[in-house]
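Please open the structure in your viewer and keep the selection tool at hand. The tour below moves from one selection to the next.

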Amino acid sequence: FIVCISVLSFFMLTPKPPEIAPEVNNIDKVEHVIAFLILTILFRYSICSKKIDRPIFFVVLTVLILCSYGVLIEYLQGFTGRSRDIADVFSDMAGVLGGCLLMVLI
């Protein structure tokens with residue numbers, strides 16, 4: 001989890017590299033959803049590898065921590081020459097909620 005969040009923070013806070021391939025509309029939103037879904041699953045297993053007794057507590061804790069992280073990263077991007085985008089925050093939240101749903105169902 002720590003390695004993943006460190007790598008994710010590095011890539012989200014470095015200035016945007018030049019485009020070398022044609023950009024697909026809104027593909028970055030899909031990337032945000034996938035990254036935060038994976039981050040949610042890693043977060044869950046870094047807390048406890050067994051079945052969680054109180055899944056609602058886990059969901060609330062995860063949503064608060066990882067959505068706050070998503071908002072913070074998006075805010076900090078404004079200081080790195082990248083643009084802030086509220087749609088990225090919503091994509092992050094969708095990934096977190098999707099990861100929580102998977103964890104509750106598993």
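**Cysteines, then a helix pair**

Begin by selecting C4, which is partly exposed, with a relative accessible area of 22%; the model you are looking at is a predicted one. If you look from C100 for a partner, the nearest cysteine sulfur is that of C67, 8.0 Å away, and C100 is in no disulfide. A disulfide needs the two sulfur atoms to lie within 2.5 Å, and a search of the whole structure finds 0 disulfides.

Now zoom out and colour by secondary structure, where the protein shows 4 helices and 0 strands, following the pattern α-α-α-α when read along the sequence. With the whole chain in view, buried residues make up 28% of the 106 residues. Among contacts with a separation of 6 or more, 77% are between residues 24 or more positions apart.

Select residues 55-77, helix α3, together with residues 86-105, helix α4; the two pack at an angle of about 160°, and their axes are 9 Å apart. Angles over 145 degrees count as roughly antiparallel, and α3 and α4 are therefore roughly antiparallel to each other. Their crossing is right-handed. To see where they meet, show the side chains of the contact, including F58, V59, L66 and C67 of α3 and M93, V96, L97 and C100 of α4. Sorted by class, this contact of α3 with α4 has 14 nonpolar, 2 polar and 3 charged residues.

Note on methods:
Residues are numbered from 1 along each chain as its sequence is written. This is a predicted model: local features need pLDDT of at least 70, side-chain atom pairs count only at pLDDT 80 or more; totals for chains, interfaces and linings use all residues. Side-chain values use heavy atoms; hydrogens and water are left out. Axes are lines fitted to C-alpha atoms, for helices over the stretch in contact, and angles run from 0 to 180 degrees between N-to-C directions. Angles under 35 degrees count as roughly parallel, over 145 as roughly antiparallel, 65 to 115 as roughly perpendicular and the rest as oblique. A crossing is left-handed if the near helix is turned anticlockwise from the far one by less than a right angle, and right-handed if clockwise. Contact means heavy atoms within 4.5 Å. Ala, Val, Leu, Ile, Met, Phe, Trp, Tyr, Cys and Pro count as nonpolar, Asp, Glu, Lys and Arg as charged, and the others, Gly among them, as polar. Buried means under 20% relative accessible area, exposed over 50%, partly exposed in between (1.4 Å probe, protein chains only).
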